[in-house]
Structures are given as structure tokens and as C-alpha cells.
Amino acid sequence: MSAPHLPKVAGIDPEVPVSTHTAAPLREVPAAPGAFIQDRLAGWVSDLTTLHELTERLACTVTLDAALNELLHAGAALVGARRGLLVLEPAGPGTPSTTLGLGLSHADLGHLETVERGATALGRVLDGMPGTADGIASPDLLGDKDLDPRHREVATRLGYAASYALPLASEQAGRLGGAAWLYDEPGEPSEKQRHLVGLYARYATEHLARLIELERARADVATVAEELLPSRLPRIPGVQLAARHRTGPRGGGDWYDALPLPEHTLGLAVGSVGGSGPSAMAAMGRLRASLRAYAVMEGEDPVAVLSDLELLLRLTEPARTATALFAYCEPAARKVVLAGAGHTPPLVLGERRCEFVETTLSAPLGMLACWEAPSVEFSPAPGETVLLYTDGLLRRTGDPMDRAFARLHSAAASVPKAGRHDPAAVADHVLRTMLPDGLDRTDSAEDVVILAAHFD
């Protein structure tokens, strides 16, 4: 596997490894004291410029993976190496150990992992062995008679002859892991290069510590959000259900629900509470619980359910707004009655049609003194799927709303025939088509909810 091209930065050419030997000058030319001082100042300015550029690039990373990649590339540029690897071993739960390579394939990393940990400089750095705080240089691995035989074998196989390992540690963050850069020929970084990469590594450690805490907080938010939603979907004769939920990094107020009602009927709901963060998540949990109670009492009348919900919201949380859609389904009679409060219209997908259900215009809950809107009734044909969703699915595309609706219609119409009888396959296809290349898992503030009901 060929190594990626490393960017050149001010004062350092990453393509030229540092040699332990320096050719003697042909003749000694005494320099004037002023010129010597100017050269030293120019060198310091170049070094500071390099360090500033690299730390600025690192500061711009907002995910842990991006920061680790940037650290590997920057370190290689600073020490003049072509390849390297990094191991992240943060203490505490929620962040697993991570190994990342630069110019090394997965197979190469696998070979390196077969070497006993204590036999490598990186392993000793990771274990915090004495004398490793300032890094460990191994300038001539193959010439070291005491080198572990397995390490010698792997170094020969991968074609590296020297290494420099550095801990990722600071006083505040503690020890998070270590990095090692590999040289194709015998050599080691100069004293100045070690000083620069040491400064960079300490700054990088603090940045990684902040990102690790952020990752843990996001994981906690996602866990709480999932706990506020149904743990499983009910099984009702004549209908199959599937749901997909993506939470933003701060946690949002998008939710869904599906609850069995008397006489084999079913209540389906989606909604979105204004705002984000813990307060929006708590409001979402209260709203969903309240809707379940109203649905059990008067679910056959979706307008009454949403009217009660609006009254509760206005009395208990007058500063908050929400959108919601509630559908009362009778699978045996193939009948769906729904009402919406400022929510996006459902979409019906089948062999003969793919169209939005025309719902009347209505205001979100909490915006008017008295909310009211008529219900809509329609009959899904056998084999059709009703798709409920929140506007986060549209907003994450970045398109204007009219174009996002057209994109959703196209995504639903393009569901392969083989998957149209599986609501999970329908939901996954729509999600991938609307938000390709991992956009469904970005740091967008918008939550995404899809609830698919397939009628047999």
C-alpha cells in the first residue's frame, strides 16, 4: 500500500527523512555575528510558523477520527518520516481503544500487533515505562543485536529501519496513548524536531481529551434519546412496522410512537419539539407520554388527541411549540384516519402509486389560542407502505423544502420492488438515498425520524 502524499509545511519538507549523518562542509567560512543571529531568528520564526499552522489545522477538527489523522500527518511532517501509527487508549468507559496507521494497510497494522508490546518503543511508551516521557528514538533497528526477533521480522517485512515513538500525554489530560513514526532508512529526528513535535503532541493531547469528552457526552445523549423512544414496536395483525432514528450531537426533540389500541387497531405518531439539548429531550418525553394516554382514551379521533395535547402544552409549557401527527389505523378494514399539527405530510408507497397524503394546513401546537384542524381519511391498498417522518429528514439534505420534498418522493419511488414488502428495507433505502455518504450520522443539529407501516 503506497503512502499518502504528505503536505509540505513551512520550514519542513516531510518527504525527506532525517539522517543521522551530516556531510562535512568543503571549507569553513566564518560567519559574521549579525548574520548568525539573523539566521537563528529566521529559523525560530520558521519553526513557530510551522507549529502555528499545524496546531491551527488540528484545532479545526471537530471529530476524534479527523483529529487523529491530522496528528499522524503533522507528526510525520515534523520528524521527517513517511509512515507511522497511533494508538489511543483513553481511560474511562465510552471510548474504545483505537489504532490508526499512516501509509500502513490493515494487514501491516496486523503484523505490527503480533510483536510483543514490551518489545517495541511504542509499547513501552503506551505502558508509561520510565524514560519514555520525552519519546524513544530507535535509529537503527536492524543493527540492534538485542532487537526482539519477531520485531526484526516485521520490520524487515514492512521495510522500515528506524522509528521514533512519543507519548500522547499532558499534565491535565493524563496519558491518552502514543504515536510512532517509521523511517525507511536508519535515522532519527534532530533535537529541534523532537522539541517541536513534543510541543505539538502536548497541544494535540489536550485537544484529543476535549474531543473524547465530547464523544462520550454525545453517546450519553444518544442513549437517553433512545430510552425515551419505544424499546420495540408492537405486532398487530395485518401491518408490519419499522422505525429509524438519528439523534443530533446535542440531542433533539424528534420522536415517534406506535401503540396497540383496542380491537386490533393501532396508533402511529411522529412529532418534533422545538429546540435542542436536554430540555427539548425532556419535553419530548413528556409530550410522547401524554399522547399515549390521550390515544388510549380517544385514539379513534385523532383531532381530539391532538387538541388535548395542545391544551396540555399551552398550560404546562407556554413558551414551547411542537409539531405532531397522529394516525388511527384499522388494518383489518384498511382504514387510516390522521390529523396533523404543522407536521410534514405522510407518503404512501405502493405498486401503483407514490404520493403524499394531502393534509390540511394547520399550525404547530402551542402557537394558537385554540388549535383545531380536520382529520383526513384514506385507505392503503394491500402491499402499500405509509411513511411518517419528521422534517429533520428534509432539512439535513440542505436543499430548499420544495426540492427536499421532491427528493423524498423520488427516493420512495425508487425503492426496489424486492424490498417494497419490507418496511425496514423501505426505511433504509429512503434514508440512504436522502442522506448518502453518511449524512445521516453527521453533526447536524437536526434529528431524523422515519416510521414505516406496511399493510399486508
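The points below concern a predicted model.

1. Sheet order. Five strands form an open sheet in the order β7-β8-β9-β10-β13, and their pairing is antiparallel. From one strand to the next the twist averages 15 degrees.

2. Pairing of β7 with β8. Strand β7 (residues 252-261) runs antiparallel to β8, and nine bridges join the two. Within this pairing, L259 stands opposite G267 of β8. The two strands form a hairpin with three residues between them. In the turn, E263 has a positive phi of about 60 degrees.

3. Strand β8 and its other neighbour. On pairing with strand β9 (residues 322-330), β8 again shows the antiparallel sense, here over eight bridges. Strand β8 (residues 265-276) is mostly covered, with nine of its twelve residues buried.

4. Three bridges link strand β10 (residues 335-341) to β13 in the antiparallel sense. Here L338 stands opposite V376 of β13.

5. Helices on the sheet. Helix α7 (residues 278-298) packs on the sheet and touches β7, β8 and β9. The direction of α7 makes about 20 degrees with that of β7. Helix α8 (residues 302-316) likewise packs on the sheet, where β9 and β10 are touched; its direction makes about 25 degrees with that of β10.

6. Geometry of α11. Helix α11 (residues 423-434) contains twelve residues. From its first C-alpha to its last it reaches 16 Å, close to the 16 Å expected at 1.5 Å a residue. At the start of this helix, a side-chain oxygen of D422 comes to within 3.1 Å of the backbone nitrogen of A424.

7. Surroundings of α11. Which residues of α11 are buried? They are P423, V426, A427, H429, V430, L431 and M434. These buried residues pack against both strands and helices: the strands are β6 (239-246), β11 (347-349), β14 (385-389) and β15 (448-455), and the helices are α9 (392-395) and α10 (401-413).

Technical notes. Residues are numbered from 1 along each chain as its sequence is written. This is a predicted model: local features need pLDDT of at least 70, side-chain atom pairs count only at pLDDT 80 or more; totals for chains, interfaces and linings use all residues. Side-chain values use heavy atoms; hydrogens and water are left out. Helices (H or I, at least four residues) and strands (E, at least two) are DSSP runs, numbered from the N terminus. The expected span of a helix is 1.5 Å times one less than its number of residues. Buried means under 20% relative accessible area, exposed over 50%, partly exposed in between (1.4 Å probe, protein chains only). Contact means heavy atoms within 4.5 Å. A polar contact is a pair of N or O atoms within 3.5 Å; within protein, one must be able to donate a hydrogen and the other to accept it, and residues adjacent in sequence count only if both atoms are side-chain atoms. Two strands pair if DSSP finds at least two bridges between them. Axes are lines fitted to C-alpha atoms, for helices over the stretch in contact, and angles run from 0 to 180 degrees between N-to-C directions.
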